[in-house]
Amino acid sequence: MSLGAISSFPAIRASGTSAPSLSWTFLLRSGLGSVLLFQALSVWLNLREIMGPDAIVPSPIAELVEPRWQPGVGWFAPLLVHAGLEGQKAYIFCFAFYTIVLVLLILNFSPKLTGLLVFASHLVISGSSYFSSYGVDQFAGVGLFYSVLAPARMRDGSNVVWWSSLLHSLFRFQMVVAYVTSGLAKSLGSQWWNGEAIWLALGMPALRGMVDARPLLASFPALARLAGISVLILEIGYPFFMLPKVTRRVWLPLIIAMHLGIGLFLNMWSFALIMVVLNICAFGSDHAACLLGRLSRIPLRHFETP
Amino acid sequence: MYIGLRAFWLNQVILETEMPMFIPMRERRQQAYKSLSLIFVLAQAVLILLSSLNQKPWSSWGRGGAMIDAYGTLTGTAGTYFFFAPAVHPQWFVQVHAAGPPVYDEVVGSSALTEEGALKMVLIEDSFVGTSNIPLLLEYVSRHFFERHPDYKTVTITFGYHSVPSVTAWNNGRRTSMTKSIDMTFQRFN
(Lines give C-alpha, C1' and ligand atoms only; values in the text may rest on other atoms or scores of the structure.)
Protein backbone atom coordinates (compact mmCIF):
# COMPACT_ATOMS: atom_id res chain seq x y z
CA MET A 1 0.00 0.00 0.00
CA SER A 2 1.49 3.35 -0.98
CA LEU A 3 1.90 6.25 1.39
CA GLY A 4 -0.51 8.22 -0.73
CA ALA A 5 -3.16 5.64 -0.07
CA ILE A 6 -2.36 5.74 3.64
CA SER A 7 -2.79 9.48 3.89
CA SER A 8 -6.13 9.33 2.14
CA PHE A 9 -7.70 7.74 5.22
CA PRO A 10 -9.86 10.19 7.16
CA ALA A 11 -8.05 9.23 10.36
CA ILE A 12 -4.75 10.47 8.96
CA ARG A 13 -6.27 13.65 7.57
CA ALA A 14 -7.67 14.35 11.01
CA SER A 15 -4.23 14.59 12.50
CA GLY A 16 -3.68 18.13 11.27
CA THR A 17 -6.30 19.53 13.61
CA SER A 18 -6.19 20.22 17.30
CA ALA A 19 -9.41 18.23 17.74
CA PRO A 20 -9.07 14.65 18.94
CA SER A 21 -8.48 12.49 15.92
CA LEU A 22 -8.69 8.81 15.14
CA SER A 23 -5.13 8.64 13.87
CA TRP A 24 -4.11 6.49 16.85
CA THR A 25 -6.70 3.84 16.01
CA PHE A 26 -5.60 3.66 12.39
CA LEU A 27 -1.92 3.48 13.33
CA LEU A 28 -2.65 0.89 16.03
CA ARG A 29 -4.41 -1.42 13.59
CA SER A 30 -2.00 -1.06 10.69
CA GLY A 31 1.11 -0.96 12.92
CA LEU A 32 0.15 -3.99 15.00
CA GLY A 33 -0.96 -5.80 11.86
CA SER A 34 2.40 -5.18 10.16
CA VAL A 35 4.53 -6.27 13.12
CA LEU A 36 2.40 -9.34 13.82
CA LEU A 37 2.53 -10.27 10.14
CA PHE A 38 6.33 -9.98 10.28
CA GLN A 39 6.32 -12.26 13.34
CA ALA A 40 3.84 -14.72 11.80
CA LEU A 41 5.94 -15.04 8.64
CA SER A 42 9.01 -15.79 10.79
CA VAL A 43 7.08 -18.47 12.66
CA TRP A 44 5.56 -20.03 9.50
CA LEU A 45 8.85 -21.70 8.55
CA ASN A 46 9.09 -23.41 11.96
CA LEU A 47 5.39 -23.93 12.60
CA ARG A 48 5.82 -27.71 12.76
CA GLU A 49 8.33 -27.39 15.61
CA ILE A 50 6.37 -24.81 17.57
CA MET A 51 2.67 -25.58 17.15
CA GLY A 52 0.50 -28.61 16.50
CA PRO A 53 0.43 -32.24 17.55
CA ASP A 54 3.85 -32.85 15.94
CA ALA A 55 5.57 -29.92 17.66
CA ILE A 56 8.39 -30.49 20.13
CA VAL A 57 5.86 -29.85 22.90
CA PRO A 58 2.59 -31.08 21.34
CA SER A 59 -0.07 -28.35 21.38
CA PRO A 60 -2.74 -30.61 22.92
CA ILE A 61 -0.40 -30.84 25.95
CA ALA A 62 0.24 -27.08 25.95
CA GLU A 63 -3.52 -26.48 25.82
CA LEU A 64 -4.00 -28.66 28.91
CA VAL A 65 -1.72 -26.39 30.92
CA GLU A 66 -3.83 -23.35 30.10
CA PRO A 67 -6.95 -22.51 32.13
CA ARG A 68 -10.22 -24.03 30.89
CA TRP A 69 -11.50 -20.73 29.53
CA GLN A 70 -8.41 -20.03 27.38
CA PRO A 71 -9.38 -20.84 23.79
CA GLY A 72 -7.04 -23.00 21.72
CA VAL A 73 -7.14 -24.69 18.35
CA GLY A 74 -8.21 -27.86 20.20
CA TRP A 75 -11.58 -26.21 20.91
CA PHE A 76 -12.35 -26.15 17.21
CA ALA A 77 -10.73 -29.48 16.34
CA PRO A 78 -14.03 -31.47 16.33
CA LEU A 79 -15.52 -28.94 13.90
CA LEU A 80 -12.47 -28.81 11.67
CA VAL A 81 -12.41 -32.61 11.37
CA HIS A 82 -15.68 -32.37 9.40
CA ALA A 83 -13.89 -30.10 6.92
CA GLY A 84 -11.11 -32.68 6.53
CA LEU A 85 -8.69 -30.70 8.69
CA GLU A 86 -7.26 -33.19 11.14
CA GLY A 87 -4.17 -33.06 13.34
CA GLN A 88 -1.48 -30.70 12.07
CA LYS A 89 -3.74 -29.49 9.24
CA ALA A 90 -6.11 -27.87 11.76
CA TYR A 91 -3.23 -25.87 13.23
CA ILE A 92 -1.95 -24.87 9.81
CA PHE A 93 -5.47 -23.75 8.84
CA CYS A 94 -5.83 -21.60 11.98
CA PHE A 95 -2.42 -20.03 11.47
CA ALA A 96 -3.18 -19.36 7.80
CA PHE A 97 -6.49 -17.75 8.80
CA TYR A 98 -4.63 -15.58 11.33
CA THR A 99 -2.11 -14.51 8.67
CA ILE A 100 -4.85 -13.61 6.18
CA VAL A 101 -6.82 -11.51 8.66
CA LEU A 102 -3.58 -9.73 9.58
CA VAL A 103 -3.18 -8.72 5.94
CA LEU A 104 -6.79 -7.49 5.90
CA LEU A 105 -6.15 -5.48 9.07
CA ILE A 106 -3.14 -3.78 7.49
CA LEU A 107 -5.23 -2.93 4.44
CA ASN A 108 -7.85 -1.39 6.77
CA PHE A 109 -10.50 -3.66 5.29
CA SER A 110 -13.59 -3.52 7.51
CA PRO A 111 -11.37 -2.56 10.46
CA LYS A 112 -13.76 -3.38 13.31
CA LEU A 113 -14.50 -6.87 12.03
CA THR A 114 -10.94 -7.74 11.03
CA GLY A 115 -9.70 -6.30 14.35
CA LEU A 116 -12.03 -8.67 16.17
CA LEU A 117 -10.99 -11.64 14.02
CA VAL A 118 -7.28 -10.92 14.54
CA PHE A 119 -7.81 -10.55 18.29
CA ALA A 120 -9.76 -13.83 18.48
CA SER A 121 -7.38 -15.83 16.26
CA HIS A 122 -4.35 -14.42 18.12
CA LEU A 123 -5.95 -15.57 21.37
CA VAL A 124 -6.56 -19.06 19.95
CA ILE A 125 -3.00 -19.37 18.63
CA SER A 126 -1.47 -18.11 21.87
CA GLY A 127 -3.58 -20.67 23.74
CA SER A 128 -2.14 -23.47 21.62
CA SER A 129 1.48 -22.35 21.87
CA TYR A 130 1.51 -21.48 25.54
CA PHE A 131 5.11 -22.51 26.20
CA SER A 132 6.54 -20.34 23.46
CA SER A 133 4.51 -17.20 24.20
CA TYR A 134 6.44 -14.20 25.48
CA GLY A 135 6.18 -10.45 25.97
CA VAL A 136 5.43 -9.75 22.33
CA ASP A 137 2.37 -12.01 22.39
CA GLN A 138 1.10 -10.51 25.62
CA PHE A 139 1.57 -6.90 24.55
CA ALA A 140 0.11 -7.68 21.12
CA GLY A 141 -2.96 -9.05 22.93
CA VAL A 142 -3.28 -5.76 24.82
CA GLY A 143 -2.97 -3.72 21.62
CA LEU A 144 -5.40 -5.93 19.71
CA PHE A 145 -8.00 -5.58 22.46
CA TYR A 146 -7.87 -1.80 22.02
CA SER A 147 -8.07 -2.18 18.25
CA VAL A 148 -11.32 -4.12 18.72
CA LEU A 149 -12.82 -1.43 20.95
CA ALA A 150 -11.53 1.60 19.07
CA PRO A 151 -13.81 3.31 16.56
CA ALA A 152 -12.90 2.89 12.94
CA ARG A 153 -14.41 5.92 11.24
CA MET A 154 -15.64 9.40 12.08
CA ARG A 155 -19.42 9.46 11.88
CA ASP A 156 -22.03 12.05 12.64
CA GLY A 157 -22.55 12.70 16.32
CA SER A 158 -20.05 13.38 19.04
CA ASN A 159 -20.02 9.84 20.47
CA VAL A 160 -17.20 8.60 18.26
CA VAL A 161 -14.85 11.40 19.27
CA TRP A 162 -15.84 11.01 22.91
CA TRP A 163 -15.30 7.25 22.89
CA SER A 164 -12.01 7.54 21.00
CA SER A 165 -10.62 10.08 23.50
CA LEU A 166 -11.78 8.06 26.49
CA LEU A 167 -10.30 4.84 25.16
CA HIS A 168 -7.07 6.57 24.21
CA SER A 169 -6.71 7.83 27.79
CA LEU A 170 -7.27 4.31 29.10
CA PHE A 171 -4.67 2.96 26.68
CA ARG A 172 -2.17 5.58 27.88
CA PHE A 173 -2.94 4.67 31.49
CA GLN A 174 -2.25 0.98 30.83
CA MET A 175 1.03 1.81 29.12
CA VAL A 176 2.07 3.99 32.05
CA VAL A 177 1.22 1.23 34.53
CA ALA A 178 3.09 -1.39 32.47
CA TYR A 179 6.28 0.70 32.31
CA VAL A 180 6.25 1.90 35.91
CA THR A 181 5.65 -1.57 37.37
CA SER A 182 8.32 -3.03 35.11
CA GLY A 183 10.82 -0.32 36.11
CA LEU A 184 10.05 -0.64 39.81
CA ALA A 185 10.39 -4.44 39.69
CA LYS A 186 13.75 -4.12 37.94
CA SER A 187 14.96 -1.58 40.49
CA LEU A 188 14.35 -4.05 43.34
CA GLY A 189 17.17 -6.32 42.17
CA SER A 190 20.84 -5.41 41.91
CA GLN A 191 21.25 -6.66 38.30
CA TRP A 192 20.00 -3.47 36.66
CA TRP A 193 21.99 -1.18 38.94
CA ASN A 194 25.37 -2.84 38.38
CA GLY A 195 24.90 -3.52 34.66
CA GLU A 196 24.89 -7.31 35.09
CA ALA A 197 21.46 -7.64 33.45
CA ILE A 198 22.70 -5.93 30.29
CA TRP A 199 25.91 -7.97 30.21
CA LEU A 200 24.12 -11.32 30.78
CA ALA A 201 21.44 -10.57 28.20
CA LEU A 202 24.05 -9.68 25.59
CA GLY A 203 26.01 -12.84 26.36
CA MET A 204 23.16 -15.24 25.56
CA PRO A 205 23.53 -16.97 22.20
CA ALA A 206 19.80 -16.74 21.36
CA LEU A 207 19.80 -13.00 22.00
CA ARG A 208 22.84 -12.19 19.92
CA GLY A 209 21.85 -9.23 17.81
CA MET A 210 23.08 -7.56 14.65
CA VAL A 211 25.63 -5.62 16.64
CA ASP A 212 27.88 -7.37 19.17
CA ALA A 213 28.36 -4.82 21.94
CA ARG A 214 30.25 -7.14 24.30
CA PRO A 215 33.80 -6.10 23.30
CA LEU A 216 32.85 -2.46 23.88
CA LEU A 217 31.17 -3.20 27.21
CA ALA A 218 34.13 -5.33 28.31
CA SER A 219 36.47 -2.40 27.62
CA PHE A 220 34.17 0.13 29.31
CA PRO A 221 32.15 -1.74 31.99
CA ALA A 222 30.64 1.55 33.14
CA LEU A 223 28.65 1.59 29.89
CA ALA A 224 26.66 -1.51 30.96
CA ARG A 225 25.95 0.13 34.32
CA LEU A 226 24.90 3.32 32.56
CA ALA A 227 22.62 1.40 30.17
CA GLY A 228 21.00 -0.49 33.09
CA ILE A 229 20.37 2.68 35.09
CA SER A 230 19.09 4.47 31.96
CA VAL A 231 16.49 1.73 31.48
CA LEU A 232 15.36 2.18 35.09
CA ILE A 233 15.13 5.98 34.69
CA LEU A 234 13.25 5.68 31.39
CA GLU A 235 10.72 3.20 32.78
CA ILE A 236 10.13 4.71 36.21
CA GLY A 237 10.12 8.23 34.75
CA TYR A 238 7.61 7.22 32.05
CA PRO A 239 4.50 8.83 33.62
CA PHE A 240 6.32 11.98 34.72
CA PHE A 241 7.93 12.70 31.37
CA MET A 242 5.53 11.07 28.92
CA LEU A 243 2.28 12.64 30.09
CA PRO A 244 3.35 16.33 29.91
CA LYS A 245 3.47 17.35 26.26
CA VAL A 246 6.71 19.32 26.61
CA THR A 247 8.83 16.47 27.99
CA ARG A 248 7.13 13.87 25.78
CA ARG A 249 9.04 15.27 22.79
CA VAL A 250 12.23 14.01 24.41
CA TRP A 251 10.94 10.95 26.28
CA LEU A 252 9.10 9.29 23.40
CA PRO A 253 12.19 9.21 21.12
CA LEU A 254 14.23 7.92 24.07
CA ILE A 255 11.75 5.11 24.73
CA ILE A 256 11.66 4.26 21.01
CA ALA A 257 15.47 4.28 20.94
CA MET A 258 15.53 1.90 23.94
CA HIS A 259 13.25 -0.54 22.13
CA LEU A 260 15.15 -0.28 18.86
CA GLY A 261 18.26 -1.01 20.93
CA ILE A 262 16.57 -4.20 22.17
CA GLY A 263 16.01 -5.15 18.55
CA LEU A 264 19.50 -4.25 17.43
CA PHE A 265 21.52 -5.72 20.31
CA LEU A 266 19.25 -8.55 21.52
CA ASN A 267 17.66 -9.49 18.22
CA MET A 268 14.14 -9.33 19.67
CA TRP A 269 12.74 -7.42 16.72
CA SER A 270 9.10 -8.50 17.08
CA PHE A 271 9.02 -7.37 20.70
CA ALA A 272 10.91 -4.15 19.97
CA LEU A 273 8.62 -3.18 17.08
CA ILE A 274 5.41 -4.02 18.98
CA MET A 275 6.51 -1.72 21.81
CA VAL A 276 7.45 1.03 19.35
CA VAL A 277 4.00 0.79 17.72
CA LEU A 278 2.20 0.83 21.09
CA ASN A 279 4.22 3.84 22.28
CA ILE A 280 3.63 5.77 19.08
CA CYS A 281 -0.09 5.02 19.18
CA ALA A 282 -0.35 6.00 22.83
CA PHE A 283 1.71 9.20 22.79
CA GLY A 284 2.82 10.13 19.30
CA SER A 285 0.05 9.14 16.92
CA ASP A 286 -0.68 12.64 15.64
CA HIS A 287 2.99 13.37 14.97
CA ALA A 288 3.40 10.00 13.24
CA ALA A 289 0.30 10.64 11.14
CA CYS A 290 1.65 14.08 10.16
CA LEU A 291 4.96 12.49 9.21
CA LEU A 292 3.21 9.90 7.06
CA GLY A 293 1.23 12.68 5.43
CA ARG A 294 4.41 14.69 4.75
CA LEU A 295 6.25 11.68 3.36
CA SER A 296 3.43 11.03 0.94
CA ARG A 297 3.64 14.71 -0.19
CA ILE A 298 -0.12 15.10 -0.02
CA PRO A 299 -1.15 18.26 1.86
CA LEU A 300 -3.03 17.49 5.03
CA ARG A 301 -6.57 18.71 5.01
CA HIS A 302 -8.30 19.58 8.24
CA PHE A 303 -10.89 17.05 9.18
CA GLU A 304 -14.09 18.73 10.20
CA THR A 305 -15.25 17.10 13.36
CA PRO A 306 -19.01 17.17 13.71
CA MET B 1 -54.85 15.25 -5.37
CA TYR B 2 -56.83 15.16 -2.13
CA ILE B 3 -55.02 12.02 -1.09
CA GLY B 4 -51.71 13.68 -1.88
CA LEU B 5 -52.55 16.77 0.16
CA ARG B 6 -53.94 14.69 2.99
CA ALA B 7 -50.77 12.63 3.07
CA PHE B 8 -48.66 15.80 3.08
CA TRP B 9 -50.72 17.28 5.93
CA LEU B 10 -50.55 14.06 7.94
CA ASN B 11 -46.84 13.92 7.40
CA GLN B 12 -46.45 17.47 8.71
CA VAL B 13 -48.57 16.69 11.76
CA ILE B 14 -46.55 13.59 12.52
CA LEU B 15 -43.29 15.47 12.09
CA GLU B 16 -44.45 18.35 14.25
CA THR B 17 -45.72 16.11 17.01
CA GLU B 18 -42.82 13.65 16.94
CA MET B 19 -39.88 15.96 16.45
CA PRO B 20 -39.75 17.35 19.99
CA MET B 21 -39.95 13.80 21.38
CA PHE B 22 -37.39 12.42 18.91
CA ILE B 23 -34.56 14.84 19.72
CA PRO B 24 -34.53 14.31 23.49
CA MET B 25 -34.69 10.54 22.91
CA ARG B 26 -31.56 10.72 20.78
CA GLU B 27 -29.83 12.93 23.29
CA ARG B 28 -30.88 10.62 26.09
CA ARG B 29 -29.46 7.66 24.18
CA GLN B 30 -26.21 9.55 23.68
CA GLN B 31 -26.08 10.40 27.37
CA ALA B 32 -26.67 6.76 28.31
CA TYR B 33 -23.97 5.67 25.88
CA LYS B 34 -21.52 8.16 27.37
CA SER B 35 -22.33 7.10 30.93
CA LEU B 36 -21.92 3.42 30.09
CA SER B 37 -18.61 4.06 28.28
CA LEU B 38 -17.35 6.01 31.26
CA ILE B 39 -18.32 3.22 33.67
CA PHE B 40 -16.61 0.64 31.45
CA VAL B 41 -13.41 2.67 31.18
CA LEU B 42 -13.31 3.37 34.92
CA ALA B 43 -13.86 -0.34 35.67
CA GLN B 44 -11.04 -1.20 33.25
CA ALA B 45 -8.76 1.34 34.94
CA VAL B 46 -9.51 -0.14 38.38
CA LEU B 47 -8.84 -3.65 37.03
CA ILE B 48 -5.51 -2.51 35.53
CA LEU B 49 -4.44 -0.76 38.73
CA LEU B 50 -5.38 -3.62 41.07
CA SER B 51 -3.77 -6.24 38.80
CA SER B 52 -0.56 -4.22 38.60
CA LEU B 53 -0.45 -4.11 42.41
CA ASN B 54 -1.14 -7.87 42.43
CA GLN B 55 -4.27 -7.20 44.47
CA LYS B 56 -7.16 -9.35 43.27
CA PRO B 57 -10.04 -9.03 45.74
CA TRP B 58 -12.31 -10.79 43.22
CA SER B 59 -10.42 -14.07 43.63
CA SER B 60 -12.61 -14.79 46.68
CA TRP B 61 -15.85 -13.99 44.85
CA GLY B 62 -16.37 -17.51 43.52
CA ARG B 63 -17.58 -17.90 39.94
CA GLY B 64 -17.96 -14.14 39.38
CA GLY B 65 -14.37 -13.61 40.46
CA ALA B 66 -13.18 -16.37 38.13
CA MET B 67 -14.99 -14.63 35.28
CA ILE B 68 -13.25 -11.34 36.08
CA ASP B 69 -9.93 -13.20 36.17
CA ALA B 70 -10.63 -14.82 32.79
CA TYR B 71 -11.70 -11.49 31.29
CA GLY B 72 -8.60 -9.76 32.65
CA THR B 73 -6.27 -12.41 31.26
CA LEU B 74 -7.89 -12.73 27.84
CA THR B 75 -8.01 -8.98 27.25
CA GLY B 76 -4.57 -8.29 28.67
CA THR B 77 -6.09 -6.00 31.29
CA ALA B 78 -4.68 -8.08 34.13
CA GLY B 79 -1.20 -8.18 32.63
CA THR B 80 1.50 -8.09 31.59
CA TYR B 81 3.10 -6.18 34.40
CA PHE B 82 6.53 -6.69 35.96
CA PHE B 83 7.63 -7.82 32.51
CA PHE B 84 11.29 -8.81 31.99
CA ALA B 85 12.07 -8.08 35.60
CA PRO B 86 14.00 -8.24 37.75
CA ALA B 87 16.49 -11.07 37.08
CA VAL B 88 18.04 -12.20 33.79
CA HIS B 89 18.38 -15.99 33.90
CA PRO B 90 21.03 -18.03 32.14
CA GLN B 91 20.01 -19.40 28.76
CA TRP B 92 19.37 -23.13 28.64
CA PHE B 93 20.22 -25.49 25.82
CA VAL B 94 19.09 -28.94 24.72
CA GLN B 95 21.56 -30.96 22.70
CA VAL B 96 20.65 -34.01 20.63
CA HIS B 97 23.29 -36.66 20.03
CA ALA B 98 22.69 -39.92 18.18
CA ALA B 99 25.38 -42.45 17.39
CA GLY B 100 25.53 -43.08 13.67
CA PRO B 101 26.33 -43.76 11.10
CA PRO B 102 26.09 -40.90 10.42
CA VAL B 103 26.58 -39.28 13.81
CA TYR B 104 23.84 -36.77 14.55
CA ASP B 105 24.75 -33.79 16.73
CA GLU B 106 22.66 -30.67 17.09
CA VAL B 107 21.78 -28.04 19.67
CA VAL B 108 18.01 -27.60 19.35
CA GLY B 109 17.24 -24.23 17.80
CA SER B 110 20.79 -23.46 16.70
CA SER B 111 20.46 -24.20 13.01
CA ALA B 112 17.19 -25.14 11.33
CA LEU B 113 15.09 -22.45 12.98
CA THR B 114 14.45 -18.81 12.12
CA GLU B 115 15.45 -16.12 14.66
CA GLU B 116 11.88 -16.00 15.98
CA GLY B 117 11.65 -19.81 15.99
CA ALA B 118 14.90 -20.09 17.97
CA LEU B 119 13.65 -17.48 20.44
CA LYS B 120 10.43 -19.41 20.91
CA MET B 121 12.43 -22.60 21.45
CA VAL B 122 14.41 -20.89 24.22
CA LEU B 123 11.13 -19.83 25.81
CA ILE B 124 9.84 -23.42 25.69
CA GLU B 125 13.00 -24.55 27.51
CA ASP B 126 12.59 -21.70 30.00
CA SER B 127 8.97 -22.71 30.73
CA PHE B 128 9.98 -26.31 31.46
CA VAL B 129 12.83 -25.22 33.73
CA GLY B 130 10.42 -22.90 35.55
CA THR B 131 8.14 -25.82 36.34
CA SER B 132 11.03 -28.26 37.04
CA ASN B 133 9.95 -30.59 34.25
CA ILE B 134 13.27 -30.95 32.46
CA PRO B 135 13.07 -34.79 32.02
CA LEU B 136 9.66 -34.35 30.38
CA LEU B 137 11.11 -31.77 27.97
CA LEU B 138 13.95 -34.15 27.10
CA GLU B 139 11.43 -36.91 26.44
CA TYR B 140 9.48 -34.62 24.09
CA VAL B 141 12.66 -33.72 22.22
CA SER B 142 13.57 -37.41 21.83
CA ARG B 143 10.08 -38.26 20.56
CA HIS B 144 10.30 -35.41 18.06
CA PHE B 145 13.75 -36.61 16.98
CA PHE B 146 12.62 -40.23 16.44
CA GLU B 147 9.64 -39.06 14.37
CA ARG B 148 11.91 -37.04 12.09
CA HIS B 149 14.77 -39.57 11.94
CA PRO B 150 13.34 -43.10 11.84
CA ASP B 151 16.78 -44.64 11.09
CA TYR B 152 18.19 -44.02 14.56
CA LYS B 153 17.51 -46.44 17.40
CA THR B 154 19.06 -44.55 20.33
CA VAL B 155 19.43 -40.88 21.14
CA THR B 156 21.06 -39.02 24.01
CA ILE B 157 19.54 -35.69 24.96
CA THR B 158 21.64 -33.36 27.08
CA PHE B 159 20.33 -30.41 29.01
CA GLY B 160 22.49 -27.57 30.28
CA TYR B 161 23.02 -23.84 30.37
CA HIS B 162 25.25 -21.27 28.72
CA SER B 163 27.54 -19.72 31.31
CA VAL B 164 28.27 -16.13 30.49
CA PRO B 165 31.65 -15.07 31.95
CA SER B 166 32.02 -11.98 34.08
CA VAL B 167 33.53 -8.88 32.45
CA THR B 168 36.89 -9.59 34.13
CA ALA B 169 36.88 -13.20 32.92
CA TRP B 170 35.90 -12.02 29.43
CA ASN B 171 38.86 -9.63 29.40
CA ASN B 172 41.07 -12.59 30.43
CA GLY B 173 39.99 -14.49 27.35
CA ARG B 174 37.06 -16.57 28.65
CA ARG B 175 34.00 -16.76 26.42
CA THR B 176 30.42 -18.00 26.82
CA SER B 177 30.59 -21.75 27.40
CA MET B 178 28.11 -24.63 27.63
CA THR B 179 27.75 -26.34 30.99
CA LYS B 180 26.04 -29.73 30.89
CA SER B 181 23.57 -30.51 33.63
CA ILE B 182 21.52 -33.63 32.82
CA ASP B 183 21.58 -36.18 30.03
CA MET B 184 19.12 -38.93 29.26
CA THR B 185 19.28 -41.72 26.72
CA PHE B 186 16.14 -42.83 24.91
CA GLN B 187 15.61 -45.95 22.86
CA ARG B 188 13.12 -46.61 20.12
CA PHE B 189 11.00 -49.70 20.71
CA ASN B 190 9.01 -49.92 17.51
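Two strands are taken to pair if DSSP finds at least two bridges between them, and the helices and strands themselves are DSSP runs, numbered from the N terminus, with helices (H or I) of at least four residues and strands (E) of at least two. The structure described here is a predicted model, in which local features need pLDDT of at least 70 and side-chain atom pairs count only at pLDDT 80 or more, while totals for chains, interfaces and linings use all residues. Residues are numbered from 1 along each chain as its sequence is written, and chains are lettered from A and ligands numbered from 1 in the order in which they are written.

The model scores ipTM 0.84 and pTM 0.85. Among the elements of chain B, helix H1 (residues 2–52) has the lowest mean pLDDT, 73, whereas helix H2 (residues 63–75) has the highest, 91.

Chain B contains five helices and four strands, which follow the pattern α-α-β-β-α-α-β-α-β when read along the sequence. Strands S1(B) and S3(B) pair in the antiparallel sense over seven bridges, and His97(B) has Thr156(B) in S3(B) as its bridge partner. S3(B) is also joined to S4(B), by 10 bridges and again in an antiparallel arrangement, with Gly160(B) standing opposite Lys180(B) in S4(B).

A residue is called buried if 20 or more other C-beta atoms lie within 10 Å of its own, exposed if 12 or fewer do, and partly exposed in between, with C-beta atoms placed from the backbone. The buried residues of H4(B) are Leu137(B), Leu138(B), Tyr140(B), Val141(B), Ser142(B), Phe145(B) and Phe146(B), and what covers them includes strand S1 (91–98), helix H3 (115–130), strand S3 (154–163) and strand S4 (177–187) of chain B. Over the whole of chain B, buried residues make up 25% of the 190 residues.

In chain A, helix H16 (residues 269–283) has 15 residues and reaches 21 Å from its first C-alpha to its last, close to the 21 Å expected. Because 15 of the 15 residues of H16(A) are buried, this helix is largely enclosed by the rest of the structure.

Chain A is divided into domain 1 (23–150) and domain 2 (158–306), with bounds that come from an automatic or database domain assignment. The centres of the two domains, taken over C-alpha atoms, are 25 Å apart. Counting two residues as in contact if their C-beta atoms, placed from the backbone, lie within 7 Å, 19 residues of domain 1 of chain A are in contact with 18 residues of domain 2 of chain A. On the side of domain 1 that touches domain 2, helix H3 (23–44) and helix H9 (135–149) of chain A each supply at least two residues, and the largest share, 10 residues, comes from H3(A).

Between the chains, 55 residues of chain A are in contact with 48 residues of chain B. The largest share of the side of chain A that touches chain B, 15 residues, comes from H10(A).

Definitions and conventions: Expected span 1.5 Å × (residues − 1). pLDDT = per-residue confidence, 0-100.
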